[in-house]
Amino acid sequence: MRLFLILLLLALPATVSAQDSDQPAGTITVQDSAGQDAAIAQRLRGILAELEGYDDITVAVSSGIVTLRGTTIDGAALARLNDIARRVEGVVAIRNEVSESTDVAERLNPAMQRFQARFLQFLAFLPLLSIALLAFALVTLLGVLLARWKRPWDRIAPNAFIADIYRQILRIAFGVAGLVVALDILGATALLSTILGAAGIVGLAIGFAVRDTVENFIASVLLSMRQPFRPNDTVEIEGDQGKVIRLTSRATILLSFDGNHIRIPNATVFKSRIVNFTRNDQRRFLVDLGVAYDTDLAAAQALALETVRTLPFVLDEPAPSVWIEEMGDSAVILRVAAWVAQSQTSILLARSEAIRLCLAAFDAAAIVMPEPTFRVLGGSSTPSAPAEP
């Protein structure tokens, strides 16, 4: 009980000072007029009657002192009472005995009225909103249709990857243009700057969070500009070989010769060593042939060269060649090199056919192609007797 009284006494000065701050300031006249009191009361009643939420307020004025009684729907309306009464001329002091209403229906009625008014306003605004949405949809659809055309983009862009980036930029530009047109119809173009500002801040925060994604996107743009490969080019990246089937904003996708999809981040591709096997149509294949040491090497070289040269898919220029590569443990290695046009034949099938025909030619010419031989050296099974001193 004592603690409650102490807290009440501590809070009382603050309440009194708050009430004092809301009291009228100025000189108090020495004359008391009942007509002036009635005029003040009439004026306050008229003002409160025109304002919403003060239907239950009664006003009494005596000697310039205004007494307010009743209830209001919320604290904001209660706080405005003193401001209204203080501005009326002749008010000496204000005794505010108004409290907030606890009636649920009375407090919900204003909210329902506001909701009803906003709903009716939305219905009145709906035709204009429909026109704005239609304009946004038409402008965006126009951008999508233009992006789907192949002829202008295939002619402007050096490859399909850059054409896809151009199409994506076009769709985004038409989407932004459609948004501007819709906001202009609604008369809310000032909202666009707010949206762009918020988008910039959010984009900066997201950029730090998804730094790898942003890095891969920038790498995709740089790869499209530098063009180290084109669609369906056979490449080797970080030891992975395959055909480039797609370049997305995040990764480069290869189709390996085994039919597997290999997804490599663009940042890794941009920094890696890239071997493009398709950029130059002419490609060389190598075949190693082992012959015995007692073989006529000049005749073996001439036979291998003639065999490869007669193949229909082997190019005359650059011309095929044969040389002695090394001396192995059991054979002399002849290396055969020939060039093919990748647009006309497969490098793997060409090499396979060259090996088959060279083996057949060596076998017909009785050129021995020895297998690796090993000599096994073994000691005696019984230990020798120690020598006598």
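Student: In which sense do strand β2 (residues 65-72) and β3 pair, and over how many bridges?
Tutor: The model is a predicted one. Strands of a sheet pair through backbone hydrogen bonds, either parallel or antiparallel. For β2 and β3 the sense is parallel, over 8 bridges.

Student: How do β1 and β2 run, and how many bridges join them?
Tutor: A60 has T67 as its bridge partner in β2. The hairpin of β1 and β2 has 2 residues between the strands, and S63 there takes a positive phi near 55°. The two strands run antiparallel and are joined by 5 bridges.

Student: In what order do the strands of this open sheet lie, and which are the edge strands?
Tutor: The sheet is formed by 3 strands and its pairing is mixed. From one strand to the next, the twist averages 10°. The order is β1-β2-β3. Each edge strand pairs on one side only, and these strands are β1 (58-62) and β3 (93-100).

Student: Which strands does helix α3 touch, and what angle does its direction make with that of β3?
Tutor: Two helices can be considered together here. Helix α2 (residues 34-50) packs on the sheet, where it touches β1 and β2, and its direction makes about 160° with that of β1. Helix α3 (residues 75-86) also packs on the sheet. Helix α3 touches β2 and β3, and the angle with β3 is about 165°.

Student: Which residues of β1 lie on its covered face?
Tutor: In a regular strand the side chains alternate between the two faces of the sheet. The uncovered face of β1 carries T58, A60 and S62. The covered face carries V59 and V61.

Student: Which residues touch the most other members of the largest nonpolar core?
Tutor: This core has 22 residues. The elements that give two or more residues to it are β9 (282-291), α10 (297-309), β11 (332-341) and α11 (347-364). Apart from it lies another core, of 18 residues, among them Y54, V59, L68 and A85. In the largest core, the residues that touch the most other members are F285, L289, V336 and F362.

Student: Is T252 buried or exposed?
Tutor: T252 is found in strand β6 (residues 251-255). Beyond its neighbours within four places in sequence, its contacts include L223, F229, V244 and I264. The relative accessibility of T252 is 0%, and therefore the residue counts as buried.

Student: What is the length of the polar contact that joins the side chains of T252 and N266?
Tutor: N266 is also one of the residues in contact with T252 once neighbours within four places in sequence are left aside. The polar contact between the two side chains is 2.8 Å.

Student: Which bond joins E317 and P318, and what is its omega?
Tutor: Most residues other than glycine have a negative phi, and most peptide bonds are trans. P318 lies in the loop between α10 and β10 (321-327). The bond that joins E317 and P318 is a cis peptide bond, with omega of about 0°.

Student: What is the phi of E238, and is the residue buried or exposed?
Tutor: E238 lies in the loop between β4 (234-237) and β5 (240-247). Although E238 is not a glycine, its phi is positive, at about 55°. Because its relative accessible area is 53%, E238 is exposed.

Student: Where is A366, and what is its phi?
Tutor: A366 counts as exposed because its relative accessibility is 64%. Its place is in the segment after α11. A366 is a residue other than glycine with a positive phi, near 60°.

Student: Which residues does UniProt list for "transmembrane region"?
Tutor: In the model, residues 122-147 are 100% helix and 0% strand, with their end C-alpha atoms 35 Å apart. Residues 168-186 are likewise 100% helix and 0% strand, with end C-alpha atoms 27 Å apart. The UniProt entry, which is unreviewed, lists residues 122-147, 168-186 and 192-210.

Student: How many helices and strands are there in the chain?
Tutor: The chain has 389 residues, and buried residues make up 27% of them. Among contacts between residues at least 6 apart in sequence, 63% join residues at least 24 apart. The chain contains 11 helices and 11 strands.

Methods. Residues numbered from 1 in each chain as written. Predicted model: local features only at pLDDT ≥ 70, side-chain atom pairs only at ≥ 80, totals over all residues. Heavy atoms only, no water. Helix = DSSP H or I, 4+ residues; strand = E, 2+ residues; numbered from the N terminus. Buried < 20%, exposed > 50% of the residue type's maximum accessible area, 1.4 Å probe, protein only. Polar contact = N/O pair within 3.5 Å; in protein donor to acceptor, adjacent residues only side chain to side chain. Contact = heavy atoms within 4.5 Å. Core = buried A, V, L, I, M, F, W, Y, C linked by side-chain atoms within 4.5 Å. Pairing = 2+ DSSP bridges. Axes fitted to C-alpha atoms, helices over the stretch in contact; angles between N-to-C directions. UniProt positions renumbered as here; feature names shortened; annotations may be inferred.
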